[in-house]
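I am opening a notebook on this structure. The entries below record what I looked up, in the order I looked.

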Amino acid sequence: MSDTRTERSTVPSTEPPAAPPTEPARHRRPADLPDRIRHYIDGSHVESIDGDTFDVLDPVTNQTYVRAAAGKKADVDAAVAAARRAFDEGPWPRMLPRARSRILHRVADIVESRDARLAELESFDSGLPITQALGQARRAAENFRFFADLVVAQADDAYKVPGRQINYVNRKPIGVAGLITPWNTPFMLESWKLGPALATGNTVVLKPAEFTPLSASLWAGIFEEAGLPTGVFNLVHGFGEAAGDALVTHPRVPLISFTGESSTGQMIFANAAPHLKGLSMELGGKSPAVVFADADLDAAIDATIFGVFSLNGERCTAGSRILVQRQVYDEFVERYAAQARRVVVGPPHEASTEVGALVHPEHYDKVMGYIEIGKTEGRLVAGGGRPEGFGTGNYVAPTVFADVAPDARIFQEEIFGPVVAITPFDTDDEALALANGVRYGLAAYVWTNDLRRAHSFSQAVEAGMVWLNSNNVRDLRTPFGGVKASGLGHEGGYRSIDFYTHQQAVHVTLGEGHNPTFGKARTPTVTDVAAVADE
């Protein structure tokens, strides 16, 4: 089982082209990199029990810069035992929400104070442009602040039957939460799971993606400094088929929150089923951006360029299918392609860079394979390969295909890179059919100045989230999740609180209770029967 988004068998492998006779891309190695990335179990940094490790590559040179501990079942068992002990015997689940909130606010303070260093390491490890990595580090701090505040403000339901009964909800942490995170924006997405899991009083075992373990290894020191009790946070590195699967199938881990690729989600669903675990899975996407003829084209082009090329195109909510009404189609394609060609590809550490290096050579091969497929399925109007001047590293030029048919693979399948397919439509009904005509249903973007159309279309499109005349701007109070192959369940706001807690109903009789009477040699009354029915 792999927790990356790479599907190794879906596209042909392509060898990186020979380096052109140009100056190699500049590269900056951060100072004070660790000599080894280790697990963190029960308050200690430890090697794998069997001593196994794996190489971690930086995406600009594709050279090994560190080795990480490769966790297996024994390591996961040790981490779960520590987390369970901290849950059963430690103070964390029994703290008042305000006390937990104070610690989580300290976590946010620490993350915020170190945002530049976090961004530097994240950019180096994942290939994200440094300015975007900085934004993700700051968002990680905000995630902790949000859930620290929310758990204090949490109010649960109470129902009164005057003079007879009061019923209330007693909310309790569930236990050990298994968190499996992807390699795109890893630090921020880890915070999105760690924040609510910890705020609600659970203990955790985090299994980060093997491509990007560097920033995850920073959480241990952050939590120690913030005062998180020993054993509440545990970290096991390794591959999905070993460490990830051991966490999914562990009998003492009742919850799994997973973000990653859809076929991996299917395996997790199947492997977790015998254990009847709680699952929250945010999976893949092939989100449509629908541009009607009456839209503000300037805004739509800017937003859809950013929506697919930011974060190197490695984002689940990317609007990677752009559907454009025929009246403005030619103008849109011409302007979009011209702007895409001006997107700045560069070394991840440079502030001017808008698209950096893809995370790993394996993923680079996948994306380049889809580009080759796209050349047979659409009209290439921008990009189409390695950008000039970048003979090494996982660099892909922002690539735009026009006139893409709805049965094309680049229309149907998640590429997860800086590649977009543009398709024309004539009517609203045709646009809706195209938007809904894929297996995914995570996000959708609608551009129109017709208020009735905007709301009607958004309610009919098969997507967990819809943005009208705007880019992907998140309100953390709203549900986050998809439909169809894009996910199972929702997180965000109170949905996260619900996922990480039991909601126990407590019924209290006031005064003398009425009990149905059986076994006294009399015929049950209507009142008796009604009381039984109420149960």
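**Entry 1: E314**

I began with E314, which lies in the loop between α9 (297–309) and β13 (321–325). This is a predicted model, and I read each entry with that in mind. Is E314 buried or exposed? I find a relative accessible area of 2% for E314, so it is buried; the cut-off for buried is under 20%. I then listed its contacts, leaving out residues up to four places away in sequence: E314 touches W183, N184, L358, V359, H363 and F416.

**Entry 2: confidence**

The chain has an average pLDDT of 92, and 92% of the residues score at least 70. Residues 1–25 are another matter, with pLDDT below 50. In the model this stretch still has 80 contacts beyond near neighbours in sequence.

**Entry 3: A86**

Next I looked up A86, which sits in helix α1. Its relative accessibility is 8%, so I count A86 as buried. Which residues does A86 contact, leaving aside its neighbours within four places in sequence? I noted P93, R94, T203, T230, G231 and V232. I also took a distance to R335, which is 249 residues from A86 along the chain. The C-alpha atoms of A86 and R335 are 57 Å apart.

**Entry 4: helix α7**

I moved to α7, residues 240–248, and asked which of its residues are buried. I recorded G240, A243, G244, A246, L247 and V248 as buried. What covers them includes two helices I noted, α1 (73–89) and α8 (262–272). The strands β7 (176–180), β8 (203–207) and β10 (255–259) are also among the elements covering the buried residues of α7.

**Entry 5: α2 against α6**

Last, I looked at a helix pair. Two packed helices are described by the angle between their axes and the distance between the axes. For α2 (residues 97–113) and α6 (residues 219–226), I have an angle of about 130° and axes 9 Å apart. That angle makes α2 oblique to α6. The crossing of α2 past α6 is right-handed.

Which residues make the contact? From α2 I listed I103, R106, V107, I110 and V111. From α6 I listed W219, I222, F223, E225 and A226. Sorted by class, this contact of α2 with α6 has 8 nonpolar residues, 2 charged residues and no polar ones.

Note on methods:
Residues are numbered from 1 along each chain as its sequence is written. This is a predicted model: local features need pLDDT of at least 70, side-chain atom pairs count only at pLDDT 80 or more; totals for chains, interfaces and linings use all residues. Side-chain values use heavy atoms; hydrogens and water are left out. Axes are lines fitted to C-alpha atoms, for helices over the stretch in contact, and angles run from 0 to 180 degrees between N-to-C directions. Helices (H or I, at least four residues) and strands (E, at least two) are DSSP runs, numbered from the N terminus. Angles under 35 degrees count as roughly parallel, over 145 as roughly antiparallel, 65 to 115 as roughly perpendicular and the rest as oblique. A crossing is left-handed if the near helix is turned anticlockwise from the far one by less than a right angle, and right-handed if clockwise. Contact means heavy atoms within 4.5 Å. Ala, Val, Leu, Ile, Met, Phe, Trp, Tyr, Cys and Pro count as nonpolar, Asp, Glu, Lys and Arg as charged, and the others, Gly among them, as polar. pLDDT is the predictor's confidence in each residue, from 0 to 100. Buried means under 20% relative accessible area, exposed over 50%, partly exposed in between (1.4 Å probe, protein chains only).
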